[in-house]
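Dear colleague,

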Amino acid sequence: MEGNIKHLDFISAICLFLVSVYIIWDSWEIHEDVGGPLYASPGLLTLFIGTMIALCSVLLFLRCLKNVGIAGNISAFKHWFTGFIKTKETLNTLLGIVILALFVFILLPRFPFLISSFIFMFILMKVMEAGSILKITIISACVSGSIFTLFQIIFKVPLP
Amino acid sequence: MALQYILDTLYQLVTPVNLLTLVLAVFFGLLVGVLPGLTSTMAIALLTGLTYGISSETAILSLIGVYVGAISGGVQTAILLNIPGTPAAAATAVDGYKIGQRGEAGLGIFLGNASAFLGTLFGAVCVLVLTPLLSMLSLKFGSWEFFLLAVFGVMICGSLTSGGDSLKGWISGLIGLFVAQIGLDALNSYPRFTFGSMALIGGIPLIPIMIGLFGFPEIVSSFKHQEMKAIKQVIDLRVKKGLSILKGKFPTVFRSGFLGVAVGIIPGVGEDVAGWLSYWAAKMRSKKKEEFGKGSYEGVIAAETGINATIGGNLIPVLTLAVPGSTSSAVLLAALWLHGFRPGPLLLSESPGFIYTMSMYLVASALVMLLLGLLISRYTVKMLKIDKKILMPIVFVFCAVGSFVIDNSITSVYMMFIFGILGVLLAAMKYPAAPFLLGVVLGPMADSNLRRALVLSDGSLTPLLTRPLCLIFVIGIILMILAQLKVFDKLKPIIFKKKNITG
């Protein structure tokens, strides 16, 4: 991902343009739905923002095409992507994100904070090989307990 | 008479109860500032409930202490982890983190704390001097000016943080402005871009966005490398070197202090804008512009002074007009009402000594903050010793807690995750996150003021050119666009050529 990222700019310019088209479309629908003059419409600023994003994405797109062209950008992106998904770095990152998602979307809503945070920290530290099982168990338990005591008991702040 | 008020306040301050309260309050504030995602607004709101039973003087003193501590505490995580403890500290992180990375974290923290102290001090003096005058100036800001200020703020931030590619900075800021429009609009209560979801009706809270954008990518980046070396060497604070650096930067301190106070006075614009404006001004005036973004001491000094000077600036409209300058001062205003004070136009005639009391509280809080900040720094610097494999899971739990406590909703934690993924993508594609955040902060102000201004002018844009303050903003915005289009670079050879011919 380091170095020249023209091919990524090429992809992001296309995505941004599509997003801007949606923003402009929906803003116009808001204006038609509310009625009245455009300058007082709730869709006015979003229409302006959508137009500006569209303009910026076109400028970015044109910048990417310089010297390379569309075909060059597509082949550069394909080459980068096939290399990117095979690296150990990417797999580690994806595994880490999955564990974060597990904590946010499954553990936190279903279990009390003390248990969910302990399980999360234990799993993540274990996967990242942060130390012996005893060490990470003690750290996870102490951190969960400290946060719970500070927020829930001392300051009476509800925790997830 | 003024001296009498100051002496009375000093007498109040040195009582054991007030002194202990102040130390504890500033300490609590610093902790809140250090922890990513916990803000000064939340800290003051938390403490307001706890101060209900104590005397009003002690209560206000503790709230000011927390305010100063929480605003200043952001410098620690900004320098050590590149995670701004407060949104404003993002400006500090630009150079602060680079200073930390090159092994001078202690020096960076000292400079940040000392600048925060000087900024707060500058703000306190301005509360005394400018309160009566600046209430008149802030009244000159109309809807057009507020809208243009928001646009100008996002554009400056976009230009400053994009590493020379302003286009990406502006795109990031525009997306931030768009995200701020999600939910019910302020004037018509029309649900915009909510996709029929009740969770989005109230808009997306700022704190989860901030944590997601700044905290999440740092945590994810720690997964990339299996072999991460813990930083064993802890650097000293280097007070002597820090003082000698500060000695040569007094013009920067004064300029940033002035900008911080000026921004603080403008209602709705908080320390975020002050931090970036001060940083920008310092960069523009510096002889070593190339050092900015690469670990410049002046960058940290400018940002922290500007950020902390806003505290005083924020208090000025609160005291004179009962209009909060930021979300934190809005909570403080409510706390003042709760404790029987009546901020507003009548305050100066009803309680002429109150301005002196508030100024002295600010000075005392700044002093305690400096001492505590440096003492705590000795330990927070040791965070560098902790292996990132242990630290980052803990930081993520704090991120989740910080997102949740804002509105006690698990949806905010989901939002933090979603914006975290967006933050990772932005970082990978080299789009700066700071303009995005500023766009989210200033978005509501831009929307309501633009439409209000247009309604008042019947859709005419002529006030943009006829109002002096508007004209200044418009010229500033045009100059920034021309600079991005490299118009000045093209003009330079032509100008020099003409000079050579005439010379």
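Which residues have the most contacts inside the largest nonpolar core? They are Leu63(B), Tyr67(B), Leu362(B), Met369(B), Ala400(B) and Leu437(B), and the core has 186 residues. A nonpolar core here is a set of buried Ala, Val, Leu, Ile, Met, Phe, Trp, Tyr and Cys residues joined through C-beta atoms within 7 Å. Helix 5 of chain B (residues 89-139) gives the most to this core, with 21 residues.

Before going further, please keep in mind that this is a predicted model, in which local features need pLDDT of at least 70 and side-chain atom pairs count only at pLDDT 80 or more, while totals for chains, interfaces and linings use all residues. Residues are numbered from 1 along each chain as its sequence is written, and chains are lettered from A and ligands numbered from 1 in the order in which they are written.

As for confidence, the predictor gives the complex an ipTM of 0.92 and a pTM of 0.73. In chain B the mean pLDDT (the predictor's confidence in each residue, from 0 to 100) is 81, and 85% of the residues reach 70 or more. Over residues 227-234 of chain B, however, the pLDDT is below 50, although this stretch has 15 contacts in the model beyond near neighbours in sequence. Where pLDDT is low, the predicted coordinates should not be read in detail.

Chain B has 21 helices and 2 strands, which are DSSP runs numbered from the N terminus (helices H or I, at least four residues; strands E, at least two). Of its 503 residues, 58% are buried, meaning that 20 or more other C-beta atoms lie within 10 Å of the residue's own, with C-beta atoms placed from the backbone. Leaving aside its neighbours within four places in sequence, Leu63(B) is in contact with Ile44(B), Leu47(B), Thr48(B), Thr51(B), Leu332(B) and Ala335(B), where contact requires C-beta atoms, placed from the backbone, within 7 Å.

The contact between the chains takes 49 residues from chain A and 43 residues from chain B. Helix 4 of chain A gives the most to the side of chain A that touches chain B, with 10 residues.

Within chain A, the axes of helix 1 and helix 3 (lines fitted to C-alpha atoms over the stretch in contact, with angles from 0 to 180 degrees between N-to-C directions) come within 8 Å and cross at roughly 110°. These two helices of chain A are therefore roughly perpendicular to each other, a term that covers 65 to 115 degrees.

Best wishes

Terms used
Contact = placed C-beta atoms within 7 Å. Parallel < 35°, antiparallel > 145°, perpendicular 65-115°, else oblique. Buried ≥ 20, exposed ≤ 12 C-beta atoms within 10 Å, placed from the backbone.
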